[in-house]
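I would like to walk you slowly through one model, so please have a look at it first.

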Amino acid sequence: MRSSILQTATRYLLPILLLFSIFLLLRGHYYPGGGFVGGLVASIAFVLHSFANGTDATMKLLGRKPLSLIPIGLAIATLSVLMPVIFGLPPMTGLWLKGNFPIVGSIGTALTFDLGVYLVVIGVVLTILFTISLTDD
Amino acid sequence: MLLTVLAGLIVAIFFVPFGKTFKSGLSIVLTALPIGIFSYYLTHLPSISLGKEIFQSTSWVPSLGINLDFRLDGLSLLFALLISGIGIAVYFYARTYLKGHAYFDRFFAYLSLFMAAMLGMVLADNILLLFIFWELTSISSFFLIGFNNTSPDSRKSALTALSVTGLGGFFLLAGLILLGDVAGTYNISALIHARGLIVNHGQYPLILTLLFIGAFTKSAQFPFHFWLPGAMKAPTPVSAYLHSATMVKAGIYLLARFNPILGGTNAWSYTLMIVGGFTMLYAAIHALLRTDLKSILAYSTISALGILTFLIGLGTADAIIAASVFILVHALYKASLFLITGIIDHAAHTRDISLLSGLRKVLLPVAIAGFLAACSSAGLPFTFGFIGKDLIYEATLHANSSWKLGLTTLAVLTNICLVAAGFMAGIKPFTGSLPIHYQTIRLPYISMWLPPLTLAVLGVLFGLMPDTVGNLFAEKAVLAMLGTETKLNLKIWHGFNTVLLLSLLTIVTGAVLYRFNKPIKGKTLWLLKFKNFSPEFIFKKITVTVFKFSEWYTQKFHNGYLRSYHLQIILFAEALLAYKLWLSGPIDINFYGLAMLSVYEVAIAILLIGALIIILTTRTRLTAVVSMSVIGYCICLMFVFYSAPDLAMTQFTIDTLTTVLFVLVLYKLPPFLNLGTKKERYRDMAIALGFGLILCMVALQVHHEPIETATSDFYGDYAYTEAKGKNVVNVILVDFRGMDTLFETVALSIAAIGVYNLLRLRLKPTEKE
């Protein structure tokens, strides 16, 4: 059930939704949003793409198994938790770069931690959904 | 001190990469471990015997009050020397005994681990630390007992030993925590000062019971004694080590260590005297009815442990002196006898004393060792056993209870049996004529017969200079067990008195008993008749019942039907909430004071109810799924109205994805069927309505409760100042409760990997059921 309307729409929706998800991720510390929601929105973008073009096409677009995003995300989150230990602070202490950046505000371990969550969520959702949709019988 | 404890653990770890290299002659290096530890403690002997104590503390988990606190006093030193000293004998012996064994390296790793655990236990000054090492001895002894892992019997006895001692460990832990809680400290030295507080506390009987179960299981007191004879399936060096000086003495050590803290009360004394007294006679009689060398030794060990428990229960200065000396006496002769048994087993391939005889002609040094050990065990004059036995009689005769006559009779009877049992194990195999098929037996390597001979000779040497030995080893141990300074006056010759008379009576009767107690298989068979009443049988019955129960339980609650899980979860939640509601007092349902309904809310409520009706009546799955998502979106809207944008956003995306997931799965499901009976549907309806009702009541009740805002205020106040974020929800997620989030993501990942693996699992046709 390929629909050319959906396919055409997805071509534009995918980048917009992904951008929106990153927007949510970055603003999370100050306004509604955050890594979890961002990750879910990004997953929805890919799921939409897979509905329009088939899961195989989406897998090709991703270039890698979504499962591989999980360890990357977990590693980033864990590193942000352990980073302060290097500086002799207890783990989970927030570390921040000096100065403000446009759009993002200030950059610190909270943001990288959220980035880890974002990647894990995408990995988990896509792994579950794609595994189910690719399983035949 | 810390190093000596860690050394064993470190050596054990080294076996993982380098185990193979030790299989050759290089294994001699291993003996450096016990020798080094033994020398270390030997150098401390003079200062400790003069009354010094050494304390060492290393920070470990200060927040829990667990530090690596080690204290070396007389009692610890006595045990440390026994552990490392007998360890030397066992290391040398086992090198030859297990030569060429496939698991040679593994054995020494377990042994080193075990030795480290024992050392840590006797040195620990913190009761939680003591418990950790206590458990470690249980675990490492499990591997040692089950060393012959190809034999089902051996595995079974290892499991029995572990479950009995492990069970005791649970009780001990509970007892120790309770004790620490009552006294407000986990340090043994501080606990001694808190004795008055503990003994008069309402929890004292409970503490005592829990502690006793721990000690009795470990030290094989009736009715937990049955694991010990089973543990004889282990290789002989292990039996020698575990049952002479270490594992089974752990319980005795515990009782001795806690004597100044908990002892001296009637509950303490009578329990220990009754349990110990019964065990010592029961096991001593049992020992006489066995024909297997190791069984005889096992039961005589249980009996000796009973004597020690009994003496600690007696609690007088005499009794404690007797106990501390007897620990040393027993360790020396029992280790020696076990090692001798191993040699006989190796050479003659049997341990049945009804078949063994005349081995002195081929194994002379072993026979001498056996003879000396048996003499010490029998308490013949000029052996260390004689001193030990004297002290025991001294203790029972001078007990300040009115039934000292009874106690003395009990001790004499036990010792008579032990004399005979000692002769059976140490002398019987070597006397008589040598059967022809044993004539080819050659004396084993010196490293096998020297250790038991040394130990046996020590048993005699110590007996010749009891005063020195007593002052060096026992006096400060008595101090630690009793809490007061006591002078030991150990002499070879006390003059003609009642004690000497009793000693002679014991030896003569024991010898006569040995002469006439013919080892016959029939007696062991006769014992089997009482199998159904033995604690071992009852324990097995309990195990089987537990298995049956858990099977039934699993079938009932873990049956694989999602609907049954849902039912259980919701029912349980209902029960919990209802109980809490009931506890919170009169339920006050009051609609007064609620805000007016807005148009939006009414609209959403109508949507919700409509979607619900569709779900309940629809005949296709797709409709049901879509209606479900309508409900989800309605809730989302609610969040929006009540200004929770983060929640609304999350709920919205989750609902979308859930619907997608459902649609994906939908294709793979069989057609929609209604399998529930009418009755079940009514039941489900009742449960669902109940859940709704209870939640409704909770919501109304919450409305009347004063709102506690301390937590949310804290987050609100500090979100920006401490974590530089303005979105409090997100700050909580990534900063204040960041650890939770991290582990939630881990949980999610595990779920995803689980789904992936379950669906991608491709079983070969043969693997499918």
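This is a predicted model: local features need pLDDT of at least 70, side-chain atom pairs count only at pLDDT 80 or more; totals for chains, interfaces and linings use all residues.

Domain bounds here come from an automatic or database domain assignment, and for chain B that assignment gives domain 1 (265-519) and domain 2 (706-769). The C-alpha centres of domain 1 of chain B and domain 2 of chain B lie 63 Å apart.

Residues are numbered from 1 along each chain as its sequence is written, and chains are lettered from A and ligands numbered from 1 in the order in which they are written.

Now to the place where chain B touches chain A. With contact meaning that two C-beta atoms, placed from the backbone, lie within 7 Å, 36 residues come from chain B and 39 residues from chain A. Helices are DSSP runs (H or I, at least four residues), numbered from the N terminus, and H27 (645-666), H30 (728-736) and H31 (738-760) of chain B each supply at least two residues of the side that touches chain A. Which helix gives the most to that side of chain B? H31(B) does, with 14 residues. If we count Ala, Val, Leu, Ile, Met, Phe, Trp, Tyr, Cys and Pro as nonpolar, Asp, Glu, Lys and Arg as charged, and the others, Gly among them, as polar, that side of chain B divides into 21 nonpolar, ten polar and five charged residues.
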